[in-house]
Every structure is written in C-alpha cells, then in structure tokens.
Amino acid sequence: MRALVESICRGKDDCVRELFEAFGSLREIEQRLVSRSVAIAAGSSLPLITSLDDVALQKIVMTMVETLRELGYDIDRAVIERVITGALEPNDNESSFVSLVLRRFLYKSLKSSNHPVFQTPWEGSICPICGLVPIAAVRGEGQSLVYRCLCGFAWTSSSMTCPQCRSSDVSVGRAGDLGLYRCRNCGHVMVVATEEQVGGEEGDFFPLAAALLLSSAQGSGEGRSAGGGI
Ligand SMILES: [Zn+2]
Ligand SMILES: [Zn+2]
C-alpha cells in the first residue's frame, strides 16, 4: 500500500503520514462500530442499502451517531439519514466521510450475519451491498479482475470489462506503478493494482486510496474520476 499512497501524495512525506493516520482513524471507528454487534436485517432487493426498513435504518443511524460522538466526531443524525436514503449525494467532507463509514459499517454488519449475498458468487456490475460502481480492482488470474468496492465487498470479473457499461473496449494507462483502466465507451476509470501492491494491513483501504488518487488526478487535469461519490 505504501507505493500507492506515495503515488497519491506525489512523494510528499507529510501527505503520506496524514493518509496513514486517516486509515488508522477509520480503522478505529470501524472496530468500535463492529464491537457493538448491531444486527441489521436487510431485505432482498439490491443493492441492500436500498432495502433497509425503518428499524434497521434507525439502528444504523443511532449506532453511528453515538460511536462517532464517543470518538470526538460530532455528526448530525440528519446527515446520516439523508446519505442512507440517497437524499444527499456526498458533496463535502462531512457527507463523504459519513457515506464511507456508513458503507463500510453496513458491509461488516451484513458479513458478520452471513447475509445470503455472501453465499453465492456475485456477477453484477454494481456492488450488491452499497450500489457503487467499482473504481478499484486487483488483477486476478489471466484476464480476470477482482473488483473492490469502497464498502469492502469484492467480486470477480472473468474478463477485463468496464463495470459501468460492460464494454470491453478499455484503454490501459498508468498512474505511477498502478494501472489506470479507462473505458472508451463510457469514460469510467478504474485504478488497477497487483495483489502485492495492496498487501499489508492497510490493503483494506485500497478502494479509498484509489478514489483519492482519481480525484487528485482529476484536480491536476491528469485524468478523470468517474463513479466516485464517496
Ligand atoms: Zn459496496
Ligand atoms: Zn464503460
């Protein structure tokens, strides 16, 4: 993960340190959320984030508000509610942070209750849990890619196709040592790494690092981010 983080930070030591600190803070939040063992019942319509009933929704909101407050983050419950229901598209630091923590909390809760979505291989193009189009993937065997969603869900595509439009007309560029796959049909961009590059304790945060890489490339005019929305 260090090489990936260094690409995002363009070698600036302060930036590298801050990003690893941010990963550490997120890990602490997640561990605290998971330790509360909140059982969330989700329906069957996909993505599951859209099929939470009111009880599940309130349980998530309450747990997030309380846990984040304990850790010193004062987040308005209305922001969490609006991000879950899709009424608020993440558009600033607070809503992006809520969206990320929410997705990862939902993934971990459903995983620990072994929701049926984990019991059969997923072949769709969007994440069945949180509905995002992946912007990060790890090279698998042959031409296969393992899509990695921001929430933590991962699934395999047997070929190098665009997850957004399923086109196989993909150009392969580079961002430092990483692959940058751009769909010629719809413009969707994905950061592609090797297993080795996303190894280590922080590998769990590869999709977040990929989102940051794409938005920093967008900011400097080197590339275009698509389907981010963290
Ligand atoms: Zn997801
Ligand atoms: Zn496409």
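The C-alpha centres of domain 1 and domain 2 sit 21 Å apart. Domain 1 covers 2-118 and domain 2 covers 136-219, with bounds that come from an automatic or database domain assignment. Where they meet, 13 residues of domain 1 are in contact with 18 residues of domain 2; contact here puts the two C-beta atoms, placed from the backbone, within 7 Å. On the domain 1 side, helix 1, helix 2 (13-35) and helix 5 (93-112) each give two or more residues, and helix 5 gives the most, with six. Helices are DSSP runs of H or I with at least four residues, strands are E runs of at least two, and both are numbered from the N terminus.

This is a predicted model, so to speak of local features takes pLDDT of at least 70 and side-chain atom pairs count only at 80 or more, while totals for chains, interfaces and linings use all residues. Residues are numbered from 1 along each chain as its sequence is written, and chains are lettered from A and ligands numbered from 1 in the order in which they are written.

How confident is the predictor? The protein averages a pLDDT of 88, and 95% of the residues score at least 70, on a per-residue confidence scale from 0 to 100. Over residues 223-230, pLDDT stays under 50. Where pLDDT is low, the predicted coordinates should not be read in detail.

Conventions: pLDDT = per-residue confidence, 0-100.
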